[in-house]
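Work through the exercises below with the structure open. Each task is followed by a solution in steps.

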Amino acid sequence: MPKFHGSTPNFAALSKILEFVPYLESLDLGACQLTFKELFSLVRKLSSTQKREVGGVSMKELGLCYGYNLVSIEDSENTELNIVEKTNSQLTNIEILQLERCYNIQPKQFESMILRFPNIRSLSLRGSGPAVTDSLIINLARSLRYLRSIDLTECHFITDNALVDGIASEESKCRDSLQELSLHHCDMVTDRGIRALVRNCRKISWLDLENCDVGNFGVMEISSKVGMSMIHLNIAECHRITDAAMTNFILNCPNLMSLDLSFTYLSDTTLYALTAVDPPPPLKSLSIMGCRQVTLRGVFHVARKLEKTLERLWIRRCKQLLVSHSFIVDFDISIEERCVDVEDTLGDGISLKLKSYTISEFAKIFNGIQLDVDVDNL
């Protein structure tokens, strides 16, 4: 299916291009410098295009990243809002809508714009700051019934109210369809919001809660209400979560495929919990970057036990004091494509370098935390 990706074309160039490629499946405007008025002029053009579609080809995806030129014009005639109202035809075929880093638009106008796409399944408002408020999310949740995925990454004005009174409320039209939600760096979201979310949105399977103010109560509620469906959880920088809560979470989430524990105070106890169940979860990706309480013993244990499924293991910035002699290891490990690149500083300038080992081979080399290094062969 035809797709178009634009990075810097201006409005005139885009309009001309769309005249020659009217039957698009995907339109990614990238960092195009478009004003609010110009974007809606393109929307009108695409609306008429949909009426002429042939062979079942219709545009399903519209993306605009770095939309910082979407500036609302505040005057007596409310010019920009009138443009929205005059765009009568809705783009009902659009399923994926990305409106990212739109800093300068007013929430009400943002809402009117988004509601022109009533059948969207995936909505990304990543990094749009002041434009994304609790009221906006509440109104969208009460209007968009087919939403399966919402990305609110770095929408710092979002609070628990967006979840309690919006996405998870009785008036929400998307609470029975929502499966994925990113609240990455929404630091005003707490256990209260997460508990309401998982109690009422029972199809949730993918959650990004990095740097949210979430603690044990939130995590335990997730495992209790939607544990069987959970496949991805990111709790990086959630410092109030303990090993006990994560152990409970792991035991109740048998289908977990991706887990990010970066920069938390979790320890080997959580890593051992990953292998305490039989069978263990089909984990493909695990990040423990910056987890100062995790030791190499825990790392190698989970690498050996999950060797059949684990594909990515992130263990950077984990500084640990080993039992073996007095070496302090600054670990920098990245496992991609089931291979390992390692560079360890063992103290006194001694460096050990391993490259292109499988996870299994890597674990066997350090089996039992044996670091009896032959310095002459380094």
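**Exercise 1.** Decide what kind of contact joins the side chains of Glu171 and Arg142 in this predicted model, and state where each residue lies.

Solution. The N to O separation is 4.0 Å. The cut-off for a salt bridge is within 4 Å, and the two side chains do meet in a salt bridge. Glu171 lies in the loop between H6 and strand S7 (180-182), and Arg142 in the loop between H5 and S6, so the pair ties together parts that are 29 residues apart in sequence.

**Exercise 2.** Classify the partners of the Arg199 and Glu221 salt bridge as buried or partly exposed.

Solution. The N to O distance in this salt bridge is 2.7 Å. Arg199 belongs to helix H7 (residues 191-200) and Glu221 to helix H8 (residues 216-226), 22 residues apart. Arg199 has a relative accessible area of 40%, so Arg199 is partly exposed. Glu221 has 11%, which means that Glu221 is buried.

**Exercise 3.** Determine how helices H5 and H6 are oriented to each other.

Solution. H5 (residues 134-141) and H6 (residues 160-167) pack at about 20°, their axes 8 Å apart. Angles under 35 degrees count as roughly parallel, so H5 and H6 are roughly parallel to each other. The crossing of H5 past H6 is right-handed. On the H5 side, Asp134, Ile137, Ile138 and Ala141 make the contact; their partners in H6 are Asn161, Ala162, Asp165, Gly166 and Ile167. By class, this contact has five nonpolar, two polar and two charged residues.

Definitions and conventions. Residues are numbered from 1 along each chain as its sequence is written. This is a predicted model: local features need pLDDT of at least 70, side-chain atom pairs count only at pLDDT 80 or more; totals for chains, interfaces and linings use all residues. Side-chain values use heavy atoms; hydrogens and water are left out. Axes are lines fitted to C-alpha atoms, for helices over the stretch in contact, and angles run from 0 to 180 degrees between N-to-C directions. Helices (H or I, at least four residues) and strands (E, at least two) are DSSP runs, numbered from the N terminus. Angles under 35 degrees count as roughly parallel, over 145 as roughly antiparallel, 65 to 115 as roughly perpendicular and the rest as oblique. A crossing is left-handed if the near helix is turned anticlockwise from the far one by less than a right angle, and right-handed if clockwise. Contact means heavy atoms within 4.5 Å. Ala, Val, Leu, Ile, Met, Phe, Trp, Tyr, Cys and Pro count as nonpolar, Asp, Glu, Lys and Arg as charged, and the others, Gly among them, as polar. Buried means under 20% relative accessible area, exposed over 50%, partly exposed in between (1.4 Å probe, protein chains only).
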